Each structure stands twice: as C-alpha cells, then as structure tokens.
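Here is a short briefing on one protein chain. Please look over the sequence and the fold before reading on.

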Amino acid sequence: MKAFMDIKPSFVEVEKHKSIMYLDEDVSEDDSDLSKRQRECIDEETFTAFAGSITHTFVELNKGHYTQHQIQTFLQTEYQSILSKLENVKLRKYFNKEFEYLMSLKVRQINELVEKNNRLRRIISEINYFSEAKERMDIVVSDPEWRQEEFPDQILKVTDNEVTITPYISPSQQAMLDAEAAERERIRLLMLADDFKERALIAMMNGVLEVRWEDELRKDVPRPKCVAEKQPEDYNEEDLRAIRDYEVKVKFLENERLRYKRMLVAEYGNLGNTVRENVKKFNSRIEDILLSKIKVDSAIGQENLKINRLRLRNFRRIEMNKAERNVLNDISANEKKIERLTKLITSLYDDSNECRAFLEMLQSKEKIVEKTFRRDIQEASPTAQEIGQRLYKRRPKTNVRNITSVSVLIELAKSVVTKEISVILNQDALDFLKAMDHIDMYVGIPNAVDEHLYATICKHRRLKIESEIKIKAAQMEVAEGDGTVAYLHKVLAYHKEHAHKLNADLAQIRLDKIKEAQDIELQLVMKQGFVEVPMSGEIADFENAVMLSRKDIEDINQIILAAGNTKLRAMRDTMNFRRGILAMEWEHAKMKMQIADLEDHLNDIRAIKVTKEIQTFMKSKARGESPDKGLTFEQEVDLVRLSYQRLIDTKKNDCAVLQVNIDSVREGNDSLDKAIINLNVDVCEYKLNVDEDIIKREKELIDVRMRTLLKRSRLVKQIQENHNQILMLQTELELLRLKTYPTLKYKICE
C-alpha cells in the first residue's frame with residue numbers, strides 16, 4: 001500500500017496538445033523525449049476515450065486527478081471520488097449558467113416580440129383603416145404567454161386574481177380605503193379645474209405636441225362651400241377653381257395614402273420576417289441547449305459511474321479481504337482441531353493398548369480359574385467330575401448380550417461374585433443375577449454330586465462367569481476404543497482435506513486480489529459505431545472484448561483491400577486465360593468440322609460420273625453459249641409461249657385471290673363499322689355511367705403495380721446474375737486453390 005501511496009497524481013490538462021500519461025510506468029531519462037512526443041500525438045478522441053468522461057469538454061478539470069490505471073489504494077479512491085463529485089457540481093453550475101443566460105435571452109426576445117407585435121397590430125389597423133372592406137386583413141396577432149413552470153419562484157406566491165373568494169376587509173381598513181379614494185377624487189377634480197394647458201394645446205395644435213404625417217393622412221380634405229350651398233349650374237370661376245383644387249388635393253391625399261399603405265405593407269413583411277428569424281434562431285438555441293443538457297447529463301452520469309465503480313471496486317476488495325481473514329481464521333481453527341485430534345488419537349492408542357493388556361491378563365486369569373476348578377474336583381469320582389464339568393459349564397438362560405454398557409457389565413461381574421446388587425444395574429442384569437441364584441440352588445442335581453461339591457462347583461462357576469463378563473467388558477472397551485480411533489482417523493482425514501481446500505481457497509483469493517489489482521476495469525467513452533460488441537446493458541458484455549486501435553483497423557482494411565484487388569486481378573487474368581483457351585478450343589473444333597465438310601465434298605465430287613451430256617453442257621457454259629442452243633426456233637417459241645402463259649395464269653390466280661380477299665375485307669369492314677357504331681353507343685353510355693377519376697386512379701395504381709413488378713423482375717434477374725457470377729467466382733476460386741493447370745476438357749458449372 002505504501003508503494004501505491006507514493007504514486008503522485010498526474011495533472012490533467014484540458015488543452016488538446018497537453019501531455020498526459022495513461023499508464024503508471026517508470027520512464028527513464030533517456031526515453032523522456034520519445035515518451036513526450038508519443039504523449040503529444042494523443043488526439044482529443046483518444047484522450048476522451050481513456051479519460052472515461054466528457055467533463056473536460058465543458059469545464060476545466062481540477063488538477064490532481066488520477067488516471068484510471070493509477071488508482072489502487074482506498075485513499076486514492078476516496079480522493080478521486082471527491083474530485084468527481086466536485087466535477088459534477090461544476091457541470092451543474094456550467095449548465096445553470098447557460099440556462100440562466102438563455103432565460104435572460106428569452107426575456108429580452110419576448111419583450112422585443114411584444115413590442116413588434118404591438119407594431120404589427122398597429123400596422124394591421126392602419127392598413128384596414130385605409131383599405132376597403134374586401135381588402136382588409138383579418139389577422140390576429142397574439143403575444144406569447146409565460147407559463148408558471150418557467151418561473152418556479154412564483155409558484156409559492158399567490159396573487160389577488162388567483163383567489164376567487166373576496167378577502168375580508170375590517171371596518172378600520174375600509175375607512176382607510178374610503179379616505180384614500182376620497183383624496184384621489186379631490187386631486188382629480190382639482191386637476192380638471194386647472195386644465196388651461198390642455199385646452200390651449202387643443203386650441204393651438206389640435207391636442208398634440210408634434211404633427212405626424214400618418215395623422216394628417218387620416219383627415220379628409222374639406223369640401224368647398226359651393227358644393228353644399230350652390231347648384232352646379234350656378235358655379236362661378238372661383239367655385240370651379242376651388243373644386244379643381246379640391247380634386248387635386250383629394251387625388252394627392254389618395255396617392256399619399258396609397259404610398260403610406262405600401263410602406264405599411266413593406267414594414268409588415270419586414271417585421272414578420274424579422275420575428276420569424278428571431279423565433280427560428282431562438283429555437284435553434286433551444287435545440288443547442290437541449291443537446292448541451294443531454295451531454296452534460298451524460299458527463300454527470302459518467303462521473304457518477306466512476307464513483308460507483310470505485311465504490312464497487314472497494315467493496316470487492318473489502319469482501320476479498322474479509323474472505324481472506326475468514327479463510328485464515330478457518331485455517332487456524334482447523335489446525336487447532338487437527339492438533340487436538342492428533343493428541344486425542346495418541347492418548348486413545350495408549351488407552352487401547354492398556355485395555356488389550358488388561359484383556360490378555362483376564363484371559364490368562366480365566367485359564368488359571370479353569371485349572372483351579374479342575375484341581376479342586378479331582379478328588380471326586382470320575383462320574384462326579386463329569387457331572388461337575390457339565391454343571392460348571394451351565395449358564396443362566398438370561399443372556400447378557402443385550403447389555404452394551406461396560407460399567408454395567410463390570411458391576412454385574414462384581415455382583416456375580418459378591419452377590420450384592422448395585423444401583424446402576426439394569427433389568428437385564430438383575431434378571432441375570434436372579435437366574436444365577438436360581439441355578440445355584442441344589443435342586444435337580446444328580447446324587448453323585450453332593451452339596452459340598454456342588455457348592456465348590458457354584459463358586460468356581462461364579463468365578464468363571466465373572467471372568468467371562470469381565471473379558472466381554474474388556475473386549476467391548478477395546479472394540480469401542482478401536483472404533484473411536486477409526487472414527488477420529490476419519491475426522492482427522494476430513495480436517496486435513498478441509499485444510500488443503502482452505503489453502504487452495506486462500507491461494508485463489510490472493511490470486512483474485514492480485515488480478516483485481518493488475519487487471520483493472522477501465523471506463524471508456526467511445527462512439528457507438530466503434531463498438532462491435534452485442535450489448536445487453538450489462539458490464540459483463542465486455543468481459544471478452546478486445547480493444548483495437550482504429551489506425552490498425554484502417555491499415556488492416558487497406559491491406560485486405562489491396563489483397564482483394566490483387567485477387568480480383570488474378571481471377572480476371574485467369575478468366576481471360578480460360579476464355580482464350582475456350583476460344584482456341586472452339587476454333588480448333590471449327591477447323592476440324594470444316595476439314596470434315598471439305599473431305600465429304602471432295603468425296604462427293606470424286607463419286608460423280610461425268611457423261612457426254614454433262615461434258616457438252618459444261619463446255620458450252622464455259623464458252624458462254626446457251627445451253628439450249630441445239631433447239632429449233634419453233635421449240636424456243638413454244639417454250640417462251642408456255643412460260644408466259646404460266647406467268648399469266650399465275651397472275652390471274654393472284655388477282656382472283658386478291659379479289660376474294662378484297663370482298664372478305666369489305667364484309668369485315670361493314671361488320672366493323674356496325675361494331676364501331678355499337679361500341680360508340682356503349683362508350684357513350686359507359687362515359688355517362690363511369691367516373692373518369694376513379695379509372696385514372698386505378699390506371700395509376702396499375703401502372704405503379706406494373707412498375708413494381710418490372711422492378712421486382714429486374715431485381716430477380718439481377719439476383720440470378722449475381723448468383724451465377726458468385727458460382728463462377730467460387731469455381732474460379734476452387735481452381736486457384738487446386739493450383740493446377742486448366743485442362744481442355746474442363747467445363748464451367750452453370
């Protein structure tokens with residue numbers, strides 16, 4: 001951690017050509033110039049991509065930002081999170097400043113728009129005043145209204161017009177209001193009494209301080225008195241002159257009004273264009289601020305994503321540290337358990353050996369008891385000894401196999417000899433003791449065995465049973481010890497296997513920690529078109545992604561294009577070569593066929609027999625003489641007559657056929673005339689009953705459909721041609737792959 005803390009933060013500069021380091025590498029002094037040149041070659045797009053956000057395009061970043069490769073420790077993470085939060089505050093202030101400027105601009109624009117709308121309403125009223133009823137403009141100019149959402153501060157303020165209920169006025173407030181109203185009325189009356197200035201202004205300048213041209217145009221020219229007082233036939237020279245002056249003034253006033261109207265129309269158009277341009281410019285500013293808002297929101301989201309990713313990384317590191325501590329604790333606890341089990345198994349081995357030694361001692365003691373019994377009854381008769389042996393081996397019917405407790409068996413063995421009943425004996429042991437007492441009774445014993453001998457037999461039998469029970473208890477102890485040792489060995493093997501698993505888990509966790517420190521997750525800002533990974537909205541989409549330089553991709557594309565062009569040229573040359581081979585094959589086959597034809601012709605010529613008549617005919621033809629030279633004049637005349645007669649008959653037959661055709665055509669024309677007349681009648685009726693617009697639209701639809709079908713057929717034909725071309729190119733490709741010379745018998749697949 002100290003090594004990571006020693007890393008100094010790189011100072012980020014917003015300028016395009018400032019140096020920046022993306023990797024935390026130690027650069028030697030010899031390579032400093034080269035590294036500096038490499039850093040200067042980083043363009044703005046690369047800087048934005050590795051910076052992880054577009055914040056630097058809006059505000060100046062705080063100096064002291066770590067790059068994404070440098071952040072390793074918790075302190076660096078917290079420092080970077082604080083800087084990212086400060087950048088978010090800067091971004092919000094930046095956008096608020098832009099928004100406030102746009103709001104002030106809107107206030108100015110709306111104030112100017114209200115002024116211009118007032119002027120437009122004034123122009124419309126002036127134009128309507130100087131226009132006739134048909135030419136008046138029915139246009140209503142409305143002013144933009146502010147919405148309450150545009151002034152959030154006013155939401156908390158309530159004006160009087162928003163309250164529908166009349167407010168309560170106390171008598172004292174009403175008295176004050178009445179006094180103020182009376183004072184205002186008194187001042188108004190005093191001002192009306194002292195109206196000398198207003199009356200003088202009205203008398204001298206018609207109530208205005210400045211005479212305006214448009215106000216003068218509103219006034220009509222006063223008519224001459226003679227028009228109202230005299231008849232037209234009573235006008236004198238002065239009256240006529242006054243009328244002419246009146247007409248001149250009226251015409252001049254009309255011209256001035258027309259000129260004023262044209263000026264108003266031009267001003268209306270200019271003001272309208274100005275208003276539309278201003279609205280258009282302001283709307284473009286709104287679009288710009290909306291786009292800026294989207295980008296600022298994106299930058300804020302990117303900074304928040306940085307913070308959340310750092311928090312997630314710290315959380316993963318904390319979880320891995322916690323998991324490592326838990327595994328170490330488990331390893332320590334498991335080692336303690338293994339040590340404890342080892343000691344326990346060693347002690348159990350010692351106890352088991354002692355139990356085996358005790359068992360061997362009991363078995364040897366049992367043999368001694370057997371020898372003692374035989375020695376004590378050897379003075380008796382052989383029959384008594386035989387019966388004594390059977391009685392010695394006699395046992396109670398109650399079995400002690402159901403007793404599984406070693407302590408109960410030991411107490412039972414003691415009770416067999418001492419005949420004392422212990423409190424720890426269970427019902428089976430008590431039944432066994434009762435059965436022992438029952439078989440010790442001298443009842444049903446043969447006469448060969450007296451009571452003294454039977455007592456000796458019972459005594460030794462009890463000692464034998466005691467020994468057997470003790471041996472069974474010792475065997476149970478040994479078996480129990482062996483079972484416990486075997487179980488503990490299994491438990492020890494399980495704990496050792498668990499120790500190996502814990503060590504493997506610890507190694508994996510430490511490898512994950514090293515991978516987490518080395519394989520850093522970077523946040524990149526790239527254009528959507530540069531990402532070729534199918535995305536579902538999760539970071540796991542980029543687990544196996546590979547980042548390539550766009551310059552490398554472009555270079556590879558250029559190499560691929562060059563290779564493709566080379567391949568196309570080779571394929572084109574191969575196709576031309578193949579076509580040449582096919583052409584030569586065709587020429588060769590053609591020449592073979594010509595040779596065969598000439599040979600057949602030569603054989604035909606050789607097979608012909610030349611007679612005298614043929615020779616004579618050929619000789620006369622060679623001399624230029626007529627082949628019919630041997631005929632008489634009458635024969636020649638008859639031949640000419642026959643030829644002409646045949647010609648005349650042919651012409652007559654042709655004329656007869658033509659006459660028949662003419663008659664049939666005339667009949668067809670008559671029928672066609674009748675059909676045309678009927679068709680005209682049907683067409684007239686059809687035109688009266690049919691809507692031409694519908695037919696025209698239907699024809700247009702049919703034309704569109706036919707064009708669509710033609711286009712589809714052309715596309716299908718083009719697809720087929722492309723498919724055939726692809727098949728041909730695939731065939732050529734296979735030929736190139738085979739790397740063999742083309743044969744003359746090769747056929748191209750259709």
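How many aromatic pairs does a search of the whole structure find? The search finds three. Two of them are described below, after an outline of the chain. The model is predicted.

**Overall make-up**

- The protein chain has 17 helices and zero strands.
- Of its 750 residues, 23% are buried.
- Take the contacts between residues at least 6 apart in sequence: 74% of them join residues at least 24 apart.

**Aromatic pairs**

- The search of the whole structure gives three aromatic pairs.
- One of them joins Phe58 and Tyr94: the ring centres are 5.6 Å apart and the planes lie at 50 degrees, so this pair is tilted.
- Phe58 is in the loop between helix H3 (44–51) and helix H4 (74–129), while Tyr94 is in helix H4, so the pair ties together parts 36 residues apart in sequence.
- Phe58 counts as buried because its relative accessibility is 17%, under the 20% cut-off.
- Tyr94 has a relative accessibility of 24% and therefore counts as partly exposed.
- Tyr66 and Tyr79 form another pair, with ring centres 5.9 Å apart and planes at 80 degrees, so the arrangement is edge-to-face.
- This pair also links distant parts of the chain: Tyr66 is in the loop between H3 and H4, Tyr79 is in helix H4, and 13 residues separate them.
- Tyr66 counts as buried, at 13% relative accessibility.
- Tyr79 is partly exposed, at a relative accessible area of 34%.

**Charge over a ring**

- Arg317 places its charged end over the ring of Phe74.
- The distance from that charged end to the ring centre is 4.5 Å.

**Helix H14 against helix H17**

- Helix H14 covers residues 550–607, and helix H17 covers residues 692–738.
- Their axes come within 11 Å and cross at roughly 95 degrees.
- H14 and H17 are therefore roughly perpendicular to each other, because angles of 65 to 115 degrees count as such.
- By class, the contact of H14 with H17 has six nonpolar, one polar and two charged residues.
- On the H14 side, the residues are Lys567, Met571, Thr574 and Met575.
- On the H17 side, they meet Met728, Leu729, Glu732, Leu733 and Leu736.

Notes
Residues are numbered from 1 along each chain as its sequence is written. This is a predicted model: local features need pLDDT of at least 70, side-chain atom pairs count only at pLDDT 80 or more; totals for chains, interfaces and linings use all residues. Side-chain values use heavy atoms; hydrogens and water are left out. Axes are lines fitted to C-alpha atoms, for helices over the stretch in contact, and angles run from 0 to 180 degrees between N-to-C directions. Helices (H or I, at least four residues) and strands (E, at least two) are DSSP runs, numbered from the N terminus. Angles under 35 degrees count as roughly parallel, over 145 as roughly antiparallel, 65 to 115 as roughly perpendicular and the rest as oblique. Contact means heavy atoms within 4.5 Å. Ala, Val, Leu, Ile, Met, Phe, Trp, Tyr, Cys and Pro count as nonpolar, Asp, Glu, Lys and Arg as charged, and the others, Gly among them, as polar. Rings of Phe, Tyr and Trp (its six-membered ring) pair if their centres lie within 6.5 Å; planes under 30 degrees apart count as stacked, over 60 as edge-to-face and the rest as tilted. Buried means under 20% relative accessible area, exposed over 50%, partly exposed in between (1.4 Å probe, protein chains only). A charge sits over a ring if NZ of Lys or CZ of Arg is within 6 Å of the ring centre and within 35 degrees of the ring normal.
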